[in-house]
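Okay, thanks for coming, everyone. I'd like to walk through a few local features of this one, so let me put it up on the screen.

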Amino acid sequence: MNRRCHLILALAASSALSVVAACFGDNEVSGPLLQEVIAPQAVDADGGIASIVVRVRARPQEEVAVSLTATLGVHTPERAVVTTDAAGLAEATFTYTAGPTAGTEDSLAQVTDPLGAVASRDFSFAVTPITRVGQSQQLTGFAAVDLGFFEGQAVPVASAGSLRRVGLFAPGPAEILIGVYSEVAGLPSALVVQTTGMLQRGRNELAVPATTLAAGSYWIMASYKAAANMYVGTTVVPTRYIARAHASTAPAVYPSSTLYNDEVRNLYLVLGE
């Protein structure tokens, strides 16, 4: 029987994807086959997220179970049940969340048919280290946020890196707008990146488009939609604010602002390679 090997190279707008392909015959399969596993080339350690797609071939209209096993992180779900179409094809999508350790993620994909036949394939990708700069450990103080203001504090970035997420600790749920601004002459200046999100209690890291930051100081400015609380420390640092109702977007340039000294806030940046 003639056999052929299909390799499909898939690309995503945000990152290149690697594909593991399987060979299969022209005739109807007698058991399940793993056609391809589409995985990222790299994921940030300690909370980085990526989509994994597993494409399988089995008998037409057959229910098969697809499972993934990880070594450095977690695949969610670990097991998915899908039904093949009239051509015997199906795919399952998983979300990979990286653990704190950088290195090579060696994962195993398996597909099992109703008769217990199993096909498996290894695949791997890099889990790259991250750096958190700013107040990245939970502070112990507690303060109410001031509504109707867009305010924040500066965070020093010692070395250039790629900004991936903006982080903060929250005592409870809150809807927030965050803008990260460059610094000129000690003042927040041009908007670098912005994000919005619904905070949950504990550590929150809001994804932003990967953006290269040069070494220097950056201001993390925030506004809240409704009454909320925030964690603060005992150290007092320069803080700047403008009066501005909560909105879904941040100003492109931070306007003339008022300076005062306030407790340091639980804000930080997450940088990747």
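Let's start with aspartate 262, which is buried, at a relative accessible area of 17%. By buried I mean under 20% relative accessible area; exposed is over 50%, and partly exposed is in between, using a 1.4 Å probe and protein chains only. Quick caveat: this is a predicted model, so local features need pLDDT of at least 70 and side-chain atom pairs count only at pLDDT 80 or more, while totals for chains, interfaces and linings use all residues. Residues are numbered from 1 along each chain as its sequence is written, and side-chain values use heavy atoms, with hydrogens and water left out.

So where does aspartate 262 sit? It's in strand β22, residues 258-265. Strands here are DSSP runs of E, at least two residues, numbered from the N terminus. The side chain of aspartate 262 makes a polar contact of 2.8 Å with the side chain of arginine 265. A polar contact is a pair of N or O atoms within 3.5 Å; within protein, one has to be able to donate a hydrogen and the other to accept it, and residues adjacent in sequence count only if both atoms are side-chain atoms. Skip the neighbours within four places in sequence, and aspartate 262 is in contact (heavy atoms within 4.5 Å) with Gln153, Thr235, Val236, Val237 and Thr239.

Most residues other than glycine have a negative phi, and most peptide bonds are trans. Aspartate 46 has a positive phi, near 55°. That residue is in the loop between β5 (42-44) and β6 (49-57), and aspartate 46 is partly exposed at 28% relative accessibility. Alanine 185 also has a positive phi, about 55°, in the loop between β17 (174-184) and β18 (187-199). Alanine 185 is exposed, at 77%.

And the cis bond? The one from threonine 76 to proline 77 is cis, with omega near -10°. Proline 77 is in the loop between β8 (73-76) and β9 (79-83).

Four strands make an open, antiparallel sheet in the order β13-β23-β16-β19. β13 (131-134) and β19 (202-213) are at the edges with a single partner strand each, so one side of each has no neighbour in the sheet. The twist averages 25° from one strand to the next, where axes are lines fitted to C-alpha atoms and angles run from 0 to 180 degrees between N-to-C directions. Pairing takes at least two DSSP bridges; β13 and β23 (267-272) have 4, in the antiparallel sense. Valine 133, for instance, has leucine 269 in β23 as its bridge partner.
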